[in-house]
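Subject: Structure handover

Dear colleague,

Here is the structure I promised to pass on. My notes follow below it.

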Amino acid sequence: MNAPKYQWQPSSEEIADRHGIPVDQVVRFDQNTSPFPTDWAPSIVAPMARTLNEYPAASYLPLREAAASFLGTTAEHIVPGAGADEIVLLIAKAFLRAGNRACAAIPTYPLYEIASLQHGAEFLGIDRIGPKLEFPLESLGEAAETSEVTWLCEPNNPTADRTDDRWIEEIVSAAKGVVVIDAAYAEFTRDDWAPLVKRHSNVIVCHTMSKAFGLAGLRVGFSMSSIDLAQRIDAVRPPGSISSMSAEISTAALREPQRMERRVVRLTKERGRLAQELTKLGIRVVPSSTNFLLCEVGSSAVAISENLMSAGLVVRSFPQDGQLARFLRFTVRAPHENDRLVAALWSHLP
Ligand SMILES: Cc1ncc(COP(=O)(O)O)c(C=O)c1O
């Protein structure tokens, strides 16, 4: 098996060490995580401190029920996992084997290709079109007709756009196999995928607690699909990949989505401000439906990202032989953190 490996970014501690800066000066603009503190969470799990000797219940029923109620469905349609990443891997495990095909529009989240190849399938990456990186509806639709798994990322990481509903429905209707909608950023577009799942028995939607809910450290995600597909994913799920504390905090957060919703409003406002500041620097900012901004900074993108890293500002650059060689991706963080990024860019742009 010759699947590529997922590339991890260096940790904040490693970056601090390498550049001789205090670790609390390192800001992650590269992981599309939330800037909001999670100090509300420990009190929720404090009562569990005496029972960590026991395993979590493998059914994770309270978590499934809270996720179902948040998404407007029922618990049998939900499968929990250790992050959306584990859900992606479980889907590949359940639906792909040697001789199968998977496809996606690229650039997109790299795990789809890795997971597909790991299970022996062929992966067809269909390039987005032109300088605006438009969604390749026709070619992806054709690829979906012969694919056991079609991966859609809505909104897409890293292009930050959300495909038109009618196009998604076209692909779902044309697809030979399952269509996975990775909805990791769906709270920023207020998407409700439950009606699509009701209409189409081949759709699986992946959700995460890592982005709008601001709980990336917990490693919790879940899928929503028809009961039949949910049972097939559940059949390959390990019994206890989510810790009992992660499940408990996530359940509480899903039961009270208002906190998340208020934060989405704040981040969306801050995204507009950051985009304006970056535009003043002469950077082309791609319109965003997410908590990150894809920015065309020019041919010195990698050099700029290295200079920023030495100041403790970690941003995402892209392979130099790909469509995004001239781009950097910035997570929208807290205003004072974004101000540091903008100030550093003023001195590091050519
Ligand atoms: C599109 C997409 N899917 C999934 C993930 C991973 O989610 P999780 O933290 O739930 O594993 C990410 C993280 O950046 C992402 O951008």
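The buried residues of helix α13 are covered by, among others, β11, β12 and α14. Helices here are DSSP runs of H or I with at least four residues, strands are runs of E with at least two, and both are numbered from the N terminus. Helix α13 spans residues 301-310, and its buried residues are A301, I304, S305 and L308. I call a residue buried if 20 or more other C-beta atoms lie within 10 Å of its own, exposed if 12 or fewer do, and partly exposed in between, with C-beta atoms placed from the backbone. The buried residues of α13 fall within an arc of 100 degrees when seen down the axis, so they line one face of the helix. The arc is that of the directions from the helix axis to the C-beta atoms. After α13 comes G312, with a positive phi near 90 degrees.

Please note that this is a predicted model: local features need pLDDT of at least 70 and side-chain atom pairs count only at pLDDT 80 or more, while totals for chains, interfaces and linings use all residues. Residues are numbered from 1 along each chain as its sequence is written.

Helix α14 (residues 335-348) has 14 residues and reaches 20 Å from its first C-alpha to its last, close to the expected 20 Å (1.5 Å times one less than the number of residues). Its buried residues are N338, L341 and L345. They cover an arc of only 55 degrees around the axis, which puts them on the same side of α14. H336, W346 and S347, on the other side of α14, are exposed. The buried residues of α14 pack against α12 (258-280), β11 (313-314) and β12 (327-331); contact means C-beta atoms, placed from the backbone, within 7 Å.

Next, the ligand. There are 13 residues around the ligand, and G83, A84, D85, T208 and S210 come nearest. A residue is near a molecule or strand if its C-beta atom, placed from the backbone, lies within 6 Å of it. Helix α4 (residues 83-95) gives the largest share of this shell, three residues. Helix α4 also holds E86, which counts as buried because it has 22 C-beta neighbours inside 10 Å. Leaving out residues up to four places away in sequence, E86 touches G81, G221 and S241.

Some backbone details are worth checking on screen. Most residues other than glycine have a negative phi, and most peptide bonds are trans. The peptide bond from I106 to P107 is cis, with omega near 5 degrees, and P107 sits in the loop between β3 (101-106) and α5 (111-118). E154 and P155 are also joined by a cis peptide bond, with omega about -10 degrees. P155 is in the loop between β5 (149-153) and α7 (165-174). N32, which is not a glycine, has a positive phi near 55 degrees and lies in the loop between β1 (27-28) and α2 (42-45).

As for the protein overall, there are 14 helices and 12 strands. Its radius of gyration is 20 Å, close to the 20 Å that the globule rule gives for 350 residues, so the protein is as compact as a globular protein of that length. That radius is taken over C-alpha atoms, and the rule is 2.2 Å times the number of residues to the power 0.38. Of the 350 residues, 45% count as buried.

Best regards

Methods: Two residues are in contact if their C-beta atoms, placed from the backbone, lie within 7 Å.
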